[in-house]
Amino acid sequence: MRVAVVGCQDVVAVRPFQLETVDVSASPDPLSAALAWMRSDLADPVSLARGRCSGRR
């Protein structure tokens, strides 16, 4: 298990995570597709109890 020191006293476990990548290069307008995906992702609620940074995972 990996740990990280937060501040001077707290030691917390570091959970492994996987960074999601989305390929929008085949879209007719990749910039608009990327922005639409990001807006959609930001609209999803995040569960802090699950410890993940995105509601999609």
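Student: Among contacts in the chain between residues at least 6 apart in sequence, what share joins residues at least 24 apart?

Tutor: In this predicted model, 12% of those contacts link residues that are at least 24 apart.

Student: Which secondary structure elements does the chain have, and in what order do they run?

Tutor: The chain holds 1 helix and 2 strands. Read from the N terminus, the order is β-β-α.

Student: What percentage of the residues in the chain is buried?

Tutor: Buried residues account for 5% of the 57 residues. The chain exposes about 5,200 Å², of which carbon and sulfur atoms supply 60%.

Student: Why does Trp 37 count as partly exposed?

Tutor: The category lies between the buried limit of under 20% and the exposed limit of over 50% relative accessible area. Trp 37 counts as partly exposed because its relative accessibility is 25%. This residue is placed in helix H1. The C-alpha atoms of Trp 37 and Val 24 are 9.2 Å apart, with the two residues 13 apart in sequence.

Student: Which residues make the nonpolar surface patch of about 270 Å²?

Tutor: Leu 31, Leu 35 and Met 38 make that patch. Met 38 lies in helix H1, residues 30-43, and is partly exposed because its relative accessibility is 39%.

Key:
Residues numbered from 1 in each chain as written. Predicted model: local features only at pLDDT ≥ 70, side-chain atom pairs only at ≥ 80, totals over all residues. Heavy atoms only, no water. Patch = residues over 30% accessible without salt bridge, like charges linked within 9 Å, V, L, I, M, F, W, Y side chains within 5 Å. Areas by Shrake-Rupley, 256 points an atom, 1.4 Å probe, with all protein chains shown as cover. Salt bridge = Lys/Arg side-chain N within 4 Å of Asp/Glu carboxyl O. Helix = DSSP H or I, 4+ residues; strand = E, 2+ residues; numbered from the N terminus. Buried < 20%, exposed > 50% of the residue type's maximum accessible area, 1.4 Å probe, protein only. Contact = heavy atoms within 4.5 Å.
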